[in-house]
Amino acid sequence: MNTYPDQIHRAAHSLGQLGAPEVAVVLGSGLSDVLRLEDARTRSFADIPGFPRPTVSGHTGEVTVGKISGRSVLVQRGRVHAYEGRPMSEIVLPVRAYAALGVRTLVITNASGGIAERLSVGDLVLITDHINLLGDNPLRGPNLDDVGPRFPDMTHAYDPELRARAKEVGTELAVPLEEGVYLATLGPSYETPAEIRAFRALGADLVGMSTVPEVIAARHAGLRVLGISCVTNLAAGVTEQPLSHEEVIETTRRRAADLGRLLAGFLGRHV
Ligand code: HPA
């Protein structure tokens, strides 16, 4: 059989050959190199049944299982976005496979445009909540009763305890962390200045084109989530500067070392 639940389990079985991780870390645009793992075993998306193939530069599409700070961790480099034209079910299949594999915590990173005036290019921001303007939801359609409930609660989607722990680690390592609400748009065009003004009025501090589907699927499956965003540019209209993908990748590269130290410290601390 090749039902969707079968695909999830086949992917989980394939990943189980790499190890038995407790935590999964998704590294977004330009952030692929921030973590070093010991005893690392890697498999490309193309060799994991059911995994989607990313098409954007800066996203290589591979999964590594190994040790970070003594803990068994799965690291996903690259991801698929809704704007690539894939159905939500494919976009969230990796997260669902990690849950089936026994992962209990998802650490998700991304690049975003800064909307809030207090934010600067290069800031690392703990995501406190999100606004879903993708126009879709990965849970649309028949509920996967074996995975989670029909109407999952999203009150504490971004786990307050994990956020507090990340803040402590940030203070110890002198890596300042801001906090903010992430708004997801479909893309791939960047926003207009009028859209950014509207999103600010809605309560958004950050804007991006990822993360929200994975977080919804993770919460559905009962995973705890920590989200960290790198502000790669000020959102459209905040300055006169036009937006470019090159600037996004360049900023994440510049902040990669601090993000890597923060994540390694967090993973060593997290229980
Ligand atoms: N808008 C949407 N997505 C983004 C941005 C942005 O300004 N920067 C990085 N990802």
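Does Arg 71 count as buried or exposed, and at what relative accessibility? Arg 71 counts as buried, because its relative accessibility is 13% and the cut-off for buried is under 20%. The model is predicted.

**Arg 71**
- Arg 71 sits in strand E4.
- Its side chain makes a polar contact of 2.9 Å with the side chain of Glu 22.

**Helix H1**
- H1 spans residues 4-16, 13 residues in total.
- From first C-alpha to last, H1 reaches 18 Å, close to the 18 Å expected at 1.5 Å a residue.
- Its buried residues are Tyr 4, Ile 8, Ala 11, Ala 12, Ser 14 and Leu 15.
- These residues lie on the same side of H1, because they cover an arc of only 160° around the axis.
- An α-helix has 3.6 residues a turn, so residues three or four places apart point the same way.
- His 9 and His 13 are exposed on the other side of H1.

**The ligand site**
- Residues surrounding the ligand include Ala 111, Ser 112, Gly 113, Tyr 190 and Glu 191.
- Also among them are Val 207, Gly 208, Met 209, Thr 232, Asn 233, Leu 243 and Val 248.
- Asn 233 places a polar side-chain atom 2.7 Å from a nitrogen atom of the ligand.
- Glu 191 has a polar side-chain atom 2.8 Å from a ligand nitrogen atom.
- Gly 113 uses its backbone: an N or O atom there lies 3.3 Å from a nitrogen atom of the ligand.
- On its own, the ligand has 260 Å² of accessible area, and the protein covers 95% of that.

**Backbone features**
- Most residues other than glycine have a negative phi, and most peptide bonds are trans.
- The peptide bond from Gly 187 to Pro 188 is cis, with omega near 0°.
- Pro 188 falls in the loop between strand E7 (178-185) and helix H5 (193-202).
- Asp 39 is not a glycine, yet its phi is positive, at about 50°.
- Asp 39 belongs to strand E2. Asp 39 is exposed, with a relative accessible area of 65%.
- Ala 174 also has a positive phi, near 55°.
- Ala 174 is in the loop between helix H4 (160-172) and E7. Ala 174 is exposed, with a relative accessible area of 63%.

How values were computed
Residues numbered from 1 in each chain as written. Predicted model: local features only at pLDDT ≥ 70, side-chain atom pairs only at ≥ 80, totals over all residues. Heavy atoms only, no water. Helix = DSSP H or I, 4+ residues; strand = E, 2+ residues; numbered from the N terminus. Expected span 1.5 Å × (residues − 1). Buried < 20%, exposed > 50% of the residue type's maximum accessible area, 1.4 Å probe, protein only. Arc of directions from axis to C-beta. Near = heavy atom within 4 Å. Polar contact = N/O pair within 3.5 Å; in protein donor to acceptor, adjacent residues only side chain to side chain. Areas by Shrake-Rupley, 256 points an atom, 1.4 Å probe, with all protein chains shown as cover.
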